[in-house]
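User: Hello! Could you walk me through the fold shown here, step by step?

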Amino acid sequence: MIHARGLARTYKTRRGDVDAVRGVDLDVDAGEIVGFLGPNGAGKTTTLRMLTTLLRPTRGEATVAGADLRRDPGAVRRRIGYVAQSGSTSGEARAGEEVVDHALLYGVERSVATARGRVLFEQLELDGLWDRKCSSLSGGQRRRLDIVTGLIHTPRLVFLDEPTTGLDPQARANLWTHVRGLRDERGSTVFLTTHYLDEADALCDRILVIDHGQIVAQGSPEELKQRVSGDAVLLSASQPTDVARIAAIAAQLPGADVPTVDGHLVEVRVPAGRTLLAGLLRSLDAEGIELAGVELRRPTLDDVFLTLTGRSLRDGESPAQPSEGAAA
Ligand SMILES: Nc1ncnc2c1ncn2[C@@H]1O[C@H](COP(=O)(O)OP(=O)(O)OP(=O)(O)O)[C@@H](O)[C@H]1O
């Protein structure tokens with residue numbers, strides 16, 4: 001559904017060139033929900049704007065929904081839906097009108113657009129709001145209206161730029177259900193950007209991690225966690241005098257990193273903690289070592305990112321990248 005090779009974009013600014021995206025290769029299959037994850041300024045929106053024809057790549061090639069991005073951007077535009085970060089609905093318009101007007105731009109007949117719009121309103125829990133002014137809708141309702149607008153011309157591929165930013169946890173969870181519904185009930189392919197690790201984890205079949213304009217990892221959430229970080233085993237000693245012996249035994253686990261010690265707590269990272277835990281406890285028991293507690297901590301996507309880049313995904317704006325005073 002999406003195949004990109006060497007996609008790059010350099011912004012010319014008064015302070016020099018900003019290499020926002022530095023050669024991205026990506027493949028997205030039909031029916032996948034793919035999350036594009038990265039910290040502020042990593043290049044997510046720039047990539048999305050290139051793939052949706054809103055920004056011309058400086059370098060690289062892509063086919064999107066079967067059309068060539070450079071040679072046939074019009075066909076790409078007709079075949080995709082795009083829900084921008086800022087939304088696209090205008091405050092004074094009525095919700096239903098707004099959606100139908102958008103469909104007319106795509107050459108959909110008014111009667112068809114109205115019928116489709118009504119169905120989508122129902123599917124996205126907006127029924128009863130057709131005649132309401134957009135400005136009177138809640139944040140969650142307005143975000144769902146943005147999504148209806150992005151879907152009204154029945155695109156096979158939908159791009160969502162930070163669909164849940166600014167929503168409360170309940171509204172976010174509802175929106176996740178709706179995004180899954182797009183794939184399960186309509187067979188749509190969804191490509192979304194997000195800052196939220198829990199969102200990527202819960203929602204996406206596959207994740208692409210971008211940092212400084214380059215893809216640094218990709219895979220299913222589980223694959224990424226296993227490949228990069230392994231599990232953390234935390235062993236709490238009953239007797240402070242046992243800490244060094246616990247660390248020495250933990251260090252012998254297959255594939256173990258060097259254990260770290262913090263007071264009476266020993267932490268060791270291993271590739272698959274669950275399978276090693278029983279043997280580890282037997283070894284400690286055989287040495288007569290008593291534990292006050294044992295905990296197995298599964299890796300998070302933040303651990304993945306930290307391992308890959310040495311930074312947390314929640315670190316905010318990257319100091320290495322200029323962020324303003326720019327002209328496209
Ligand atoms: N119009 C522009 N002119 C110059 N530089 C820009 C422009 N738009 C973005 N940039 C820079 O390009 C880099 C990538 O920005 P982009 O918006 O693609 O990142 P992002 O991952 O979407 O960030 P965020 O999560 O904050 O939306 C950043 O350093 C940003 O400051």
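This is a predicted model: local features need pLDDT of at least 70, side-chain atom pairs count only at pLDDT 80 or more; totals for chains, interfaces and linings use all residues.

User: Which residue is the bridge partner of V34 in strand 9?

Analyst: Residues are numbered from 1 along each chain as its sequence is written. Strand 3 (residues 33-37) and strand 9 (residues 206-211) pair in the parallel sense over four bridges; strands are DSSP runs of E with at least two residues, and helices are runs of H or I with at least four, numbered from the N terminus, and two strands pair if DSSP finds at least two bridges between them. In strand 9, V34 has as its bridge partner R206.

User: Thanks! What is the strand order of the open sheet of six strands?

Analyst: The pairing in this open sheet is mixed. Its edges are strand 6 (80-83) and strand 10 (214-219), each pairing on one side only. The six strands run in the order 6-7-8-3-9-10.

User: What angle does the direction of helix 5 make with that of strand 6?

Analyst: Helix 5 (residues 139-151) packs on the sheet and touches strand 6 and strand 7 (157-161); residues are in contact if their C-beta atoms, placed from the backbone, lie within 7 Å. Axes are lines fitted to C-alpha atoms, for helices over the stretch in contact, and angles run from 0 to 180 degrees between N-to-C directions. With strand 6, the helix 5 direction makes about 160 degrees.

User: How far apart do the C-alpha centres of domain 1 and domain 2 lie?

Analyst: The domain assignment gives domain 1 (2-225) and domain 2 (230-298), with bounds from an automatic or database domain assignment. Their C-alpha centres are separated by 44 Å.

User: Which residues touch the most other members of the largest nonpolar core?

Analyst: A nonpolar core is a set of buried Ala, Val, Leu, Ile, Met, Phe, Trp, Tyr and Cys residues joined through C-beta atoms within 7 Å, where buried requires 20 or more other C-beta atoms within 10 Å of a residue's own, placed from the backbone. This core has 64 residues, and the ones touching the most other members are V148, F159 and F191.

User: Which residue takes a positive phi in the hairpin of strand 12 and strand 13?

Analyst: Strand 12 (residues 260-262) pairs with strand 13 in the antiparallel sense over three bridges. Two residues lie between these strands, and the positive phi, near 65 degrees, belongs to G263.

Definitions and conventions: Two residues are in contact if their C-beta atoms, placed from the backbone, lie within 7 Å. A residue is buried if 20 or more other C-beta atoms lie within 10 Å of its own, exposed if 12 or fewer, and partly exposed in between; C-beta atoms are placed from the backbone.
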